Each structure stands twice: as C-alpha cells, then as structure tokens.
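Here is a short report on a protein model. Have a look at the structure first, then read on.

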Amino acid sequence: MFQVRIHGRGGQGAVTAAELLSVAAFVEGRHAQAFPSFGSERTGAPVMAFCRIDDRPIRVREPVTRPDALVIQDATLLHQVNVFDGLRPGGPVLVNSPRGADDLGLETFDGPVLTVPATALALRHVGRPVPSAVLLGGLAALTGCVSIDSLEAAIRDRFPDVLGTNNAAAAHEAYDYVEVLCKERAHAEAD
C-alpha cells in the first residue's frame, strides 16, 4: 500500500489534492481512499490530508501516521509543524518552493527532497495561487504512485472546461520538471 500525507494551509487545496490522487488511482483500476484531518480551522491554518492507494481493498480508516511520501504545500510549515513525523526512512518529500532543499535547511534530510515552484506554475497556468494539482504532477513523477495520464484525467473530471485544461497543463509541467530533477539526481549519484 502506498500512503501519502499532504500538509498545507486552509485554502491551498490539500483536501482536493488527496481526492484527485485517489481518483487518479481509481482511473487505473486500483483501490484508494482520501480524507482530511482538520477541525474548525480557518483559511491559512495548517491542515493535513491523506491518501492511500493499493491493488487490494483498503480496510484501515485511521490517519496516515507512517507515510511513504510527503507533499508540503507551504514551505513555512517546515518550521511550524513536525511535517516529517512518521515518514518512512528514505521516503521522498516534495515541497512547494522556488528555493532548493539546501536553502530550506533540508540538505541533511534522509531521503530525496525536491522542491517545485508550484505556486508560480499555478499562477501562470490557472491564474490563482493554488498549488495542489501542480504538486500532484510532481508527486507522480517522483514516486510513480499514479501515471500523469490518470492524474490529468482526474483533474479534467473534477474541474470543467478551461480550468481543468489549465490545471492539467500545470500538473504536466510539474511532472516534467520533477522528472528532469530525478534524472539529474540519478546521474549525479552515479558519478
């Protein structure tokens, strides 16, 4: 079972991201569940959302405490919330930031940490600072948890017309961006 935890702030689309990821898994004929963890938080307050993907029915219902991967929608959460709590050793982390992992103080982190300028990509493609679909494109490239085609289908299903097209384009650009970063990292480690 693949489990991801998404950390964001109210209004950034963390819950929508988890739902989109689960729908992408359904498109592939897999089992998935997505759910949030928040109370009466207001816009801007820290929130979490979870997604599980498996080839078999998923029976567990509790929050994801041992995620295989993390998505951090707002880099300011790195110093406010223990976002890395429970992450499996070597688990990949995707952070929404125009700055590199070293600049964020994550150079000694155990596992791949990649940053994507998701807000900037969302602004360019969608016209709003909502990084959720963009980060899912990056997550698909980083982990292979779903294909970019399934993710784009889920996005287009959720958002009608031009909004779906633009979000899918943003996700695809992030996918390509992370794919290049992963190849560069693999090449550097081979040297």
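## Around strand β5

Val-93 sits opposite Val-113 of β6. Strand β4 (residues 69-72) also pairs with β5 in the parallel sense, over three bridges, and there Ile-72 has Val-95 as its bridge partner. Two strands count as paired if DSSP finds at least two bridges between them.

Now for the side chains of β5 (residues 93-96): Val-93 and Val-95 point one way, Leu-94 and Asn-96 the other, and all are buried. Buried means under 20% relative accessible area, with a 1.4 Å probe and protein chains only. Side chains in a regular strand alternate between the two faces of the sheet.

## The whole chain

Zooming out, the protein has five helices and six strands, in the order β-α-β-β-β-β-β-α-α-α-α from the N terminus. Both are DSSP runs, numbered from the N terminus: helices are H or I with at least four residues, strands E with at least two. Of the 191 residues, 49% count as buried. The C-alpha atoms fill a box of roughly 40 × 35 × 35 Å along the principal axes.

## Where this comes from

This is a predicted model: local features need pLDDT of at least 70, side-chain atom pairs count only at pLDDT 80 or more, and totals for chains, interfaces and linings use all residues. Residues are numbered from 1 along each chain as its sequence is written, and side-chain values use heavy atoms, leaving out hydrogens and water.

Note on methods. Buried < 20%, exposed > 50% of the residue type's maximum accessible area, 1.4 Å probe, protein only.
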